[in-house]
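Could you load the entry and colour it by chain before we set off?

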Amino acid sequence: MTLVLAAAFMMPVPDIPILHETSRNLFFHVPMWFAMTVLFAGGLVFSIRYLTGNDLRMDHWAEAVTRTGILFGVCGLLTGMLWARFTWGTWWTFAEPKMNLSAMALMIYVAYFILRSSYDDPEKRAKIAAVYNIFAATTVPFLIYVIPRQLPSLHPGADGNPAFSDITAPELRLVFYPAVIGFIALSVWIAQLTFRLTRLQIHMERTESGSHD
Amino acid sequence: MNIILFTGTILLAETILQTGALLQTGTILLVETMLPVGAILSPGIIQLTETILQAGISTSEAGSSFSAFMYSHNLIFVVLGVSLIIWLLLAVYLIRLDKKLSRLEKKR
């Protein structure tokens with residue numbers, strides 16, 4: 001990651017009109033969405049595994065990866081807003097479908113945690129949350145990848161614009177792909193920390209309630 | 001070739017320059033860059049770009065020192081801002097995890 005960060009700031013980039021040096025944001029902004037997608041896909045897998053095996057560990061994994069996925073999604077949204085402000089001229093526009101649908105996808109996932117907090121029984125909470133997580137995960141490809149590509153958008157690959165692969169200079173890819181791998185690895189590590197903390201909290205609560213009985 | 005991405009601004013750019021609207025630095029740069037490029041545009045892109053630029057114009061802060069700072073040095077400070085947002089958010093999240101862990105350790 002250190003090498004990726006150093007290269008992201010120090011490597012010479014082609015001078016693209018309007019974007020100028022901000023083409024370097026490709027190494028930061030885009031990997032956020034890749035990491036988020038991988039984590040949400042993980043949430044889908046853990047939710048299915050919970051429903052098939054009734055193992056609460058899977059529910060805790062689903063919760064941890066989803067929580068971390070939202071963190072990376074928020075990073076993607078905020079970095080995108082800053083980038084948009086100085087290249088498109090506005091922090092936010094309701095005319096840009098990818099921007100709005102990504103925010104909508106994140107809101108769907110925020111509702112996952114609201115749903116979780118409304119149940120006290122762990123088994124019931126896990127079951128309802130798993131079902132909801134499966135629904136939420138199925139919306140992500142459509143909201144972030146499919147629908148924005150069908151509508152006019154300033155993002156690459158959308159209707160009227162060349163695809164990402166057509167506009168990315170080869171030298172940018174040398175840093176972009178390692179950045180994607182690095183940020184995904186970082187996100188998985190953070191999700192794992194979150195999972196371990198959740199397990200520890202539950203273990204401590206059980207130990208405490210056991211000692212009180 | 002990357003210019004194709006923003007060709008939707010040409011028609012709007014011409015209109016804006018004709019009407020002499022007060023624009024922020026970024027929009028002026030964008031307009032100046034796009035004008036020499038001739039292209040056939042899809043109606044959707046034109047409409048979208050108009051909306052986006054209108055929003056940009058309405059939120060423009062003429063003479064804002066923050067904007068001037070961010071636009072300086074070929075927008076490199078935007079990249080710095082983007083990376084700082086990421087690291088700050090991740091750092092805050094990790095510090096919160098660490099605090100929760102410390103609380104658990106104290107309980108023990």
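Here is a short walk through a predicted model, one selection at a time.

**Stop 1: chain B.** You will find four helices and zero strands, following one another along the sequence as α-α-α-α. Chain B has 108 residues, and 39% of them count as buried.

**Stop 2: two helices from two chains.** Now select helix 3 of chain A, residues 56-87, together with helix 4 of chain B, residues 65-107. Their axes come within 10 Å and cross at roughly 170 degrees. Angles over 145 degrees count as roughly antiparallel, so helix 3 of chain A is roughly antiparallel to helix 4 of chain B. Show the side chains where these two helices touch: the residues of this contact divide into 19 nonpolar, five polar and two charged.

**Stop 3: Glu96(A).** Move along chain A to the loop between helix 3 and helix 4 (97-117), and select Glu96(A) there. Is this residue buried or exposed? Glu96(A) is buried, yet has no salt bridge. The nearest side chain of opposite charge belongs to Lys98(A), 7.2 Å away.

**Stop 4: Asp15(A).** Finally, go to the loop between helix 1 (2-10) and helix 2 (29-53) of chain A, where Asp15(A) is found. Asp15(A) is exposed, with a relative accessible area of 57%. Which side chain does the side chain of Asp15(A) make a polar contact with? Select His20(A): the two side chains are 2.9 Å apart in that contact.

Technical notes:
Residues are numbered from 1 along each chain as its sequence is written. Chains are lettered from A and ligands numbered from 1 in the order in which they are written. This is a predicted model: local features need pLDDT of at least 70, side-chain atom pairs count only at pLDDT 80 or more; totals for chains, interfaces and linings use all residues. Side-chain values use heavy atoms; hydrogens and water are left out. Buried means under 20% relative accessible area, exposed over 50%, partly exposed in between (1.4 Å probe, protein chains only). Lys and Arg count as positive and Asp and Glu as negative; His and the chain ends are not counted. A salt bridge is a side-chain nitrogen of Lys or Arg within 4 Å of a carboxyl oxygen of Asp or Glu. Axes are lines fitted to C-alpha atoms, for helices over the stretch in contact, and angles run from 0 to 180 degrees between N-to-C directions. Angles under 35 degrees count as roughly parallel, over 145 as roughly antiparallel, 65 to 115 as roughly perpendicular and the rest as oblique. Ala, Val, Leu, Ile, Met, Phe, Trp, Tyr, Cys and Pro count as nonpolar, Asp, Glu, Lys and Arg as charged, and the others, Gly among them, as polar. A polar contact is a pair of N or O atoms within 3.5 Å; within protein, one must be able to donate a hydrogen and the other to accept it, and residues adjacent in sequence count only if both atoms are side-chain atoms.
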